[in-house]
Amino acid sequence: MREIFTQFSYLAASVLFILGLKSLTHPDSARRGMQQAALGMLLAIIGTLVQMDIVRYDWILAGLAIGTVIGIPLGVMVPMTAMPQRIAISHMFGAMAATLVGVAEFWVHGAEIGHAKMAALGFEVLFGALTVTGSFMAFGKLQEIITGRPVTYKGQNFVNVMLFGATLAMFGYLIVNPFSPVVFYSMIGLSLLIGIFMVLPIGGADMPVVISLLNSYAGLASSATGFAIGNNVLIIAGALDGASGFILSLIMSKAMNRSFGNIIFGAFGAAVVKSDKTSAGLTVQSISAEDAAIQIAYAKLMIVVPGYGLAVAQAQHQVRELAELIEKKGGEVKYAIHPVAGRMPGHMNVLLAEANVPYDRLYDMDEINSEFERADVCLVIGANDVVNPAARNDPSSPIFGMPILNADKAQRIIVMKRSMNPGFAGIENELFYNEKTSLLFGDAKASLSKLVAEVKQA
Amino acid sequence: MSLQLLQLYVFVLAAFVGFLVITRVPPLLHTPLMSATNAISAISLVGSLVAAGSDKGTVSTVLGFIAVTAATINVVGGFIITDRMLKMFKREPKPDAAKAAGTPAPGGK
């Protein structure tokens with residue numbers, strides 16, 4: 001009877017999870033759907049707790065209590081600007097749980113594990129362990145505990161390939177000889193190292209791909225846990241997570257016109273390809289907030305291109321304020337969101353939604369690219385590579401071929417920038433030297449506040 | 001072997017469903033999607049509970065305890081933050097609501 005209840009709770013959870021994800025296809029249905037998914041989770045937890053196998057509750061209750069105490073502030077207090085590192089650290093927790101369950105399983109049943117089960121268990125701890133350290137590194141880079149710049153050294157790819165090869169060899173050995181504790185634990189050790197070395201050479205601009213990829217790995221590790229302990233709801237939920245992360249990484253790498261391998265083996269940071277074009281002999285026009293306000297105030301259509309700089313300056317509320325003023329004067333404001341703007345998929349969308357920008361004002365690259373020609377002003381806030389025309393017309397540029405927002409097609413372009421330092425990838429941006437472009441230097445938040453004050457008077 | 005084969009069926013079908021559903025999620029909701037799938041895959045809590053509660057020796061219990069803690073962080077934090085994000089996505093207020101607030105209806109849609 002108990003067993004049947006447990007199995008039905010798992011089945012219900014699986015269905016509710018899928019419905020929850022399906023609800024995410026539209027913002028109006030999403031919230032309710034996810035609440036149902038949370039209910040599914042609760043059912044599965046209760047279903048597990050009544051199981052015969054569970055004979056003591058002291059450690060369980062302690063874990064649940066501590067996890068809740070840490071989990072609530074992580075859910076309630078983390079600001080939207082810190083979402084990328086928040087997601088990265090949660091991948092670490094997820095993978096940690098999967099890995100530890102794998103180790104416990106090996107510890108208890110080590111001697112009686114068959115080849116097929118070892119394959120699942122090995123996969124679980126391999127992907128789990130590398131996701132733990134990889135996610136922690138990603139977290140460190142995003143939180144700026146570790147330098148966000150790519151860390152590279154000579155022979156890096158060789159070291160990584162050797163490490164990965166050795167780990168795979170151990171995995172193969174374990175499938176043939178399941179009970180080899182030394183090999184099992186060494187493999188976990190190496191996987192932990194791989195996670196560190198894998199993320200080390202990756203720069204901030206590539207983070208969206210890495211986070212998506214780690215999301216996928218964490219899911220696959222959970223799924224493998226399901227295989228190892230014979231639990232279908234784990235297999236299903238893990239597969240959903242794995243598929244989601246995989247799709248997101250594909251979308252992200254496509255939006256950067258780069259292959260998976262290219263990102264993982266850190267080509268962006270490692271080979272600093274210098275573009276032929278330099279800024280020598282070119283000048284930029286800077287503009288004061290007063291003059292910029294005059295251009296903006298009576299624009300019929302203004303397109304805002306937000307980038308990571310917007311998140312850093314936490315200027316999303318000021319952007320909305322400016323947009324409302326322009327709308328009051330009869331203009332229209334649209335937001336152009338590049339898929340890799342920011343440090344994770346959808347980063348700019350949550351940031352602007354937090355500032356109460358209605359979501360029907362946020363446009364994907366494909367939807368809005370044809371509208372730039374019509375725009376009186378394009379306001380670029382802390383974005384760089386995603387509006388660099390070199391991606392279109394300079395084959396020597398490292399970002400050549402990447403789909404970009406057609407900011408340069410607008411009538412006038414105002415770029416908000418902290419200084420003239422080139423962006424994260426260290427690539428010059430010819431948009432800044434365009435004769436239609438004016439640069440408004442300074443902190444984005446302060447500049448926007450000034451603009452708001454000026455537009456109010458205009 | 002038949003058990004593993006059945007598991008593989010479940011995995012492939014679930015991945016397939018996931019693929020079909022998730023390709024339809026708009027880029028607008030990609031961050032909530034990521035935190036949602038992360039919360040959902042914290043279902044490994046189920047496995048952690050068994051490891052922590054089945055009394056198979058201190059090592060298994062302690063590892064299970066840490067795993068329960070880690071997974072619970074993701075369940076609790078993950079669903080809360082997803083809900084917090086989704087709550088923020090609002091449509092443009094209706095024009096008459098804007099009028100009531102004393103501002104002219106914005107142009108466009």
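Okay, so by contact I mean two residues whose C-beta atoms, placed from the backbone, lie within 7 Å. What you have above is a predicted model, where local features need pLDDT of at least 70 and side-chain atom pairs count only at pLDDT 80 or more, while totals for chains, interfaces and linings use all residues. Residues are numbered from 1 along each chain as its sequence is written, with chains lettered from A and ligands numbered from 1 in the order in which they are written.

Let's start between the chains. On the chain B side, 85 residues are in contact with 100 residues of chain A. Four helices of chain B, α1 (2-22), α2 (30-41), α3 (44-53) and α4 (58-88), each put at least two residues into that side; helices here are DSSP runs of H or I, at least four residues, and strands are runs of E, at least two, numbered from the N terminus. The largest share, 29 residues, belongs to α4(B). By class, chain B's side has 47 nonpolar, 28 polar and ten charged residues, with Asp, Glu, Lys and Arg as charged, Ala, Val, Leu, Ile, Met, Phe, Trp, Tyr, Cys and Pro as nonpolar, and the others, Gly among them, as polar.

Now over to the sheet in chain A. You've got six strands in an open sheet, paired in parallel, in the order β3-β2-β1-β4-β5-β6; pairing takes at least two DSSP bridges between two strands. At the edges sit β3 (362-364) and β6 (437-441) of chain A, each pairing on one side only. Inside chain A, β4 (377-381) and β5 (412-417) pair over five bridges, and A:V377 stands opposite A:R412.
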